[in-house]
Amino acid sequence: MILSCQNIRKQFGDTVILDHCSFHIEDCEKAAIVGINGAGKTTLLRIITGELEADEGICTLSRGKRLGYLPQLVTFDSERTIYEELLSVKEELTLLETQIREAERQMKHTSGSELDALMDSYASLTHQFEQENGYAYKSELTGVLKGLGFSEEEFSKKIVTLSGGQKTRVALGRLLLQKPDLILLDEPTNHLDMTSIAWLETYLMNYKGAVLIVSHDRYFLDRVAAKIIEIDQTKAAVFSGNYSDYAIKKEALRIAAWNAYQNQQREIHHQEEVIEKLRSFNREKSIRRAESREKLLQKMDVIDRPTQARTDMKIRLTPRILSGNDVLSVSSLSKSFDGLTLFHNLDFALRRGEHVAVIGNNGTGKTTILKIINDLLPADAGSIRLGTGVQIGYYDQEHHVLHEDKTLFEEISDAYPSLTNTEIRNTLAAFLFTGEDVFKRIRDLSGGERGRVSLAKLMLSEANFLILDEPTNHLDIMSREILEDALNHYEGTVLYVSHDRYFINRTAHRILELSEQCFTGYLGNYDYYLQKKEEMLSSREALDPSASHPDADTESKLDWKNQRQQQARKRKRENDLKKTEDTIEALELRNEELDMLMALPENCSNVEVLTGLANEKEDNLQKLDTLYKKWEMLEEEAGVTSPPVSS
């Protein structure tokens, strides 16, 4: 065990944030802390690091172990360059290297016993240098910087000139190179693009130390975490497995708790009715029996009403009118800034009802495309044509659609003057703004709160074409799932930019990847996109074998690519297994329906109908036989032994 947290309690004013929370982290374990915004996740990390003192309880780090912490907001300035900042982590190695070079210089001019002593010192220095992986530290440093999305041209940039997100990436690079025994990461993916997040996933999965992460990135948690620590209503609960495992177990526990609560409430109501009935008889014996039941009822350990999942925020996106079938047509779109071409001759079109995700690395121009479509930026060239009856609703990640000096109430009432005060308050309440919250100024809101206000305005717009720029930024997991459900039930068209791969998996029908100044289209969700990318990479390597043999400087990239290929094959097996299980379940359910249909009196006497039903069932049984064999083969490949889901 590397970390033990026992009975941690923390209170700010009258508000209890954490109440007797206990958990532990094993050596080399990868764990995550999840919970809604404000649950106390960051507070818990700060208590572990010693930045905050717990009111009660204790956090213990094993003796001799080093802890490293990356907060959400990194504020440091330095006259060093990015490369120099990370190189400072390897100061001992650079000193060793300097001593080795000096020894080599001296050996050219030394002889006799002095040379022997110098040779012994040189052997000791080189052995230590080799033991500490000194011959690879520069390539390791370069690999980390490139993995985190810095190009070689940016290595010479000074820290003081960087944005907050870039500084956070530098701080993350420093932390990874320090290689502490336990890494604490608070929202590490916030400032990373998809390529860098995938790199970080692989790095952490192979990291020899322990990792504790706070994140709302469910795809990231699925890949990295093997334990989930949930903070819910001041309490901590520990679940083994990744995020998806946790979500299944959590839902089962929620259902069980709700059923237990309802059963007890029914029993209480029944006993109260019996007591009332007994008292109505107004006989001594009946009254004694009523009193006896009342005493038992008073001694009952009453179950608190469980919190209902995803009932505190409600989004309904309803188009006022349907658009035509052709929603958007973009032809030969081009845009450059300061001589840098973002994209050139882009062509794409959207049909009614499509949900299309635009993905790509930071700085490729994804948000720029959305702004051009919304007439917020001019295109250098090309044309954009909206279809008949198209009404756009725009969600801006910078929330420029909001007015800093207005209150929340004014923001909604000014945009939708026909709404009554009650309707405005109900709308804001659906997005967790109640009571005096509605009179807060927009300028005083956090990023997450601004996001919820923007979503409220979007919900009221009744648009039939939603354009969303990073809609899940600053939203907690519960809010993201609510938005996903709303989009999946939305009958209009959606075009959005997102780095949230889990969100893309749940909501996208099609993906447009922006790279090398043009779009590549993939018909499917994010997992399908990864699968097709790996197939395309394999095809290219088959045609050009030299492409699969990089030089020594990119050996780490080769390892990462091999791992990506293995992971892609694993995802394909898992997808095939899921599809097979779903098909098996559907056929088994259909066979049960057929059995019931064949048992109906009106069908028993109808030979033609009965024969048709029997033939369909026979076909289904043959299909099931083949599917069971396929399922067994896929299970063996995946190394899983559990039986298929059956109705």
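Me: Are Y496 and F503 buried or exposed?
Reply: Happy to start there! Buried means under 20% relative accessible area, exposed means over 50%, and partly exposed lies in between (1.4 Å probe, protein chains only). By that rule, both Y496 and F503 are buried.

Me: Before we go on, what sort of model is this?
Reply: Residues are numbered from 1 along each chain as its sequence is written, and side-chain values use heavy atoms, with hydrogens and water left out. Local features need pLDDT of at least 70, side-chain atom pairs count only at pLDDT 80 or more, and totals for chains, interfaces and linings use all residues, since the model is predicted.

Me: How many aromatic pairs does a search of the whole structure find?
Reply: Rings of Phe, Tyr and Trp (its six-membered ring) pair if their centres lie within 6.5 Å; planes under 30 degrees apart are stacked, over 60 edge-to-face and the rest tilted. Searching the whole structure in this way gives a count of 15.

Me: What kind of pair do F239 and Y246 make?
Reply: F239 is buried at a relative accessible area of 8%, and Y246 is buried at 8%. Their ring centres are 5.1 Å apart and the planes meet at 75 degrees, so the pair is edge-to-face.

Me: And what kind of pair do the rings of Y496 and F503 form?
Reply: A pair of aromatic rings is described by the distance of the centres and the angle of the planes. For Y496 and F503 the centres are 5.1 Å apart and the planes stand at 65 degrees, so this pair is edge-to-face.

Me: Which ring does the charged end of R169 sit over?
Reply: A charge sits over a ring if NZ of Lys or CZ of Arg is within 6 Å of the ring centre and within 35 degrees of the ring normal. R452 gives one example, with its charged end 4.6 Å from the centre of the F433 ring. For R169, the distance is 4.4 Å and the ring belongs to F150.

Me: In what order do β10, β11 and β13 lie in their open sheet?
Reply: Strands (E, at least two residues) and helices (H or I, at least four) are DSSP runs numbered from the N terminus, and two strands pair if DSSP finds at least two bridges between them. Strands β11 (340-351) and β13 (381-386) are the edges, each pairing on one side only. The pairing is antiparallel, and the order is β11-β10-β13.

Me: What angle does helix α11 make with β11?
Reply: Axes are lines fitted to C-alpha atoms, for helices over the stretch in contact (heavy atoms within 4.5 Å). Angles run from 0 to 180 degrees between N-to-C directions. Helix α11 (residues 366-373) packs on the sheet and touches β10, β11 and β13; its angle with β11 is about 60 degrees.

Me: Which residue in β4 does C5 stand opposite?
Reply: Strand β1 (residues 3-12) and β4 pair in the antiparallel sense over five bridges. The residue opposite C5 in β4 is C59.
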